[in-house]
Amino acid sequence: MFNRRFFLHTVFLPSVFFLAHSSFCLNFVKAQTFLGVFPDSVSLWPLHDFPWKDASIAKAEELSLGAQGTFNTLEFWQEQGVCAQGVIELLHGRLFMSSEQEPGIAYSYVARYVQRYSDRVVFWINPEAKFHDGAPVRPEDVVFSFNFLTRHSGMFKSYFSGISRAESVSYPLIESGKKFQGVVFYFKKNAPQEAALTISELIILPKNLYEKSIPKVPIGCGPYKVESYQAGEFLRFKKIPQWWAKKESCGKDMYRFETVKYIYFKEDESMFEAFKKGEIHCFFERTAKRWVNGYNFQEVVQGDILKQEIPYRDFVPISGLIFNTRKPIFQDIRVRWALSLLLDFETLNQRFFYKKYKRICSFFQNTPCMATGVASPEVRSILKKIGAPEESWRQPAEYFTELPGSWHQRSKAALSFLKEGGWKLRNGKLFHEKFGFFQIKVCIPKAMRDEWIQFFQARAALIGVELNVVALDQAAYQSIKSRFDYDMIWGAMGISSSFPGQELDLIYSSQSAKKSGSYNAAGISDHNVDLLIDRIKRAKQQKELYLFAQALDRYLLSGCYGIFGWYTPYTWQAFWKNRIVYPGISPFSPHRRWIYAGAQSR
C-alpha cells in the first residue's frame, strides 16, 4: 500500500505539471482498486475476495480447448484479420479487468489504483507489472498503446472516443526516493459517463517493440506467452513461470494450467467428435438436439464425462436474421414486418429445439435496460418528445417479437402487408413492378445447423417469398459482412449490456451505417436513434441511463430491423472430470470458468 505520510510532504514538480495535476497528490487518498460506470458505483467485493476463486484446486498440466472456424493473425487490433482465440485473455493485460458478476464494475490489474475526476481519470501503474521479456510496464507504454490502437483501429478509435488525450504523470515518494507512475486520460467535452470505465479496458502493448515494427509473435504482460501455433489449425500458450500477477488479486487462484491449447475445427460435429476422444477437454453444447440425444456414449454413462446445465444469469448476446436496410427492398418497413411474421418460433422450438429455447425479445435481453410490458410514464414521455410511433409505447415490448395469432393468421397478415406495398401474386410468386420477383439472399455461417432455416424458407415460399440461403465459411462470411453484400444475414444484432454507452455508436448510429466494416449490419440511420444514444452516453445517474436505454429498445423494436433469434436459459457443458475441476461457485459467464479451474482438489 502507499505510505500515507507521503501526503504530508511537499512534492517538487515542474511548475506546469504542478499547476495542472496538483489535485492528484492532494486527493491521492481517494485512490481506489475498483472502478464503476458512475462515480458512486458500489463494489460487492472491495477487498477482491471473489467467491468463485477456490484455493483448494491444484495446478494442472495442459488444458485443450476447441475453437470453430479459423484465424490468420495474433494481433487483436487488425480489423481485416481473424484473431486467434485466447490472445486478448491470456497474452495481454488491461489497466483494469471487468468483474465477472457485476456489470459496470472493474478491478485493478496492470494499474493498481485509479482516481476519478469530472474531467479526467488517472490510473497508477502497478510497479510489479512486467512484460514477458521482463521489462516493466511504464506510463509510456500505456500512452503509446492508447495512441497506437486509436490510430490503427477504427473500432478502438470509436470505442475510446470519449478520451481526448493521454499523458504520463509521476510523483516522487520522498522517503524511498522512488516515483509512483501513472497515466492521466482527459475526457472530451460531453464525454459519455462510461468513458472512465471504457478506457480501463485498454490493452497494454510494449512501446519499445511496437513503435519499431509489429512483432511476429506478440509480447504482452498477461499470464501466458505463445509457445507454438499454425494459422487456422492450433495455438498453444505457455504459462509464464514468474508471472508478475500470480500473487495479486487479478491473478491469484487463476490460470492454473501450465499450457492452454486451442485446436481449430471447421465443423462443429468434428469438434464434438474430438471431445468424445479426449482431444479437447470441455465442450459447450450449442444444439438442443444433440444435448438431448447425443450424449449416450460410454464415457458419459460411466461418469468419465460429466454433463452440467448451468443457469444463465448474464446478459444475452443478441443475434438473429438482420435486414440490410441499405437495400431498397427493405426500406419499406411493411416488407420487414411481413418477413418477421413468417417465422414460426413456437413450431421451431417444438420440432427442432426440444422446447429448450426462449425467444430473444429485446436489444438488452436479461439486463435492467430491457423494455418490458407497456412503457412507463417516463419512457413514454421520452418517446413522445422525439415523435416515435405511438405503438412503441402503447404496445407491450414483447409484442414486437412474440407476435399474436397462429402462423396461418400471421401469414395472412404478412401477405396483406406486402400487397399494401405493391406486391402481387403471379403464378404463386410475389412480384413488384420496381423490384421484380421477391427473391432475397440470406447469408448464414456454414457452421450453423440449417434445419430451422430450411423450415423458415419453406414457410416463406407458401406465400410466394423466395429465400435463397447461402452458407459461407468464416472468411467468406466475414468478407460479405464487412462489405454489406447481403440482403439478410444471420449475425449479432447488438451487444447487450447493463451499462450501454459508447458501443451503441458502433452498432446503431447513422455514422456507423455509412462506414464499411462497421457493426451496423442493419444499416440503421435514424436521427432519433442518434439522439437516444447521445442521451444514454450523457446519463449522469443509473436510473437516467436505464430510462433512455429502455426508450431506445422500444424505438428499435418498433423499427423492425431484424428477426430476433433465441437463447437457452442454461449453458450446456460437458467435460472430462479427470482433466478439469471447476470451482463450486461459478461466475456469470460459464465459458470463462476454466480460468478458475485446475486439476484435482488438494
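Biologist: What should I know before I start?

Modeller: The model is predicted, so local features need pLDDT of at least 70 and side-chain atom pairs count only at pLDDT 80 or more, while totals for chains, interfaces and linings use all residues. Residues are numbered from 1 along each chain as its sequence is written, and side-chain values use heavy atoms, leaving out hydrogens and water.

Biologist: Which strand does β19 join through seven bridges?

Modeller: Strands pair if DSSP finds at least two bridges between them; strands (E, at least two residues) and helices (H or I, at least four) are DSSP runs, numbered from the N terminus. Here β19 (residues 439–445) runs parallel to β20 (residues 466–472), and Ile444 has Ala471 as its bridge partner.

Biologist: Is Ser518 buried or exposed?

Modeller: Buried means under 20% relative accessible area, exposed over 50%, and partly exposed in between (1.4 Å probe, protein chains only). Ser518 counts as buried because its relative accessibility is 11%. Ser518 sits in the loop between α18 (510–513) and α19 (527–537).

Biologist: What does Ser518 touch?

Modeller: Contact means heavy atoms within 4.5 Å. Not counting residues up to four places away in sequence, Ser518 touches Phe484, Leu506 and Ser512.
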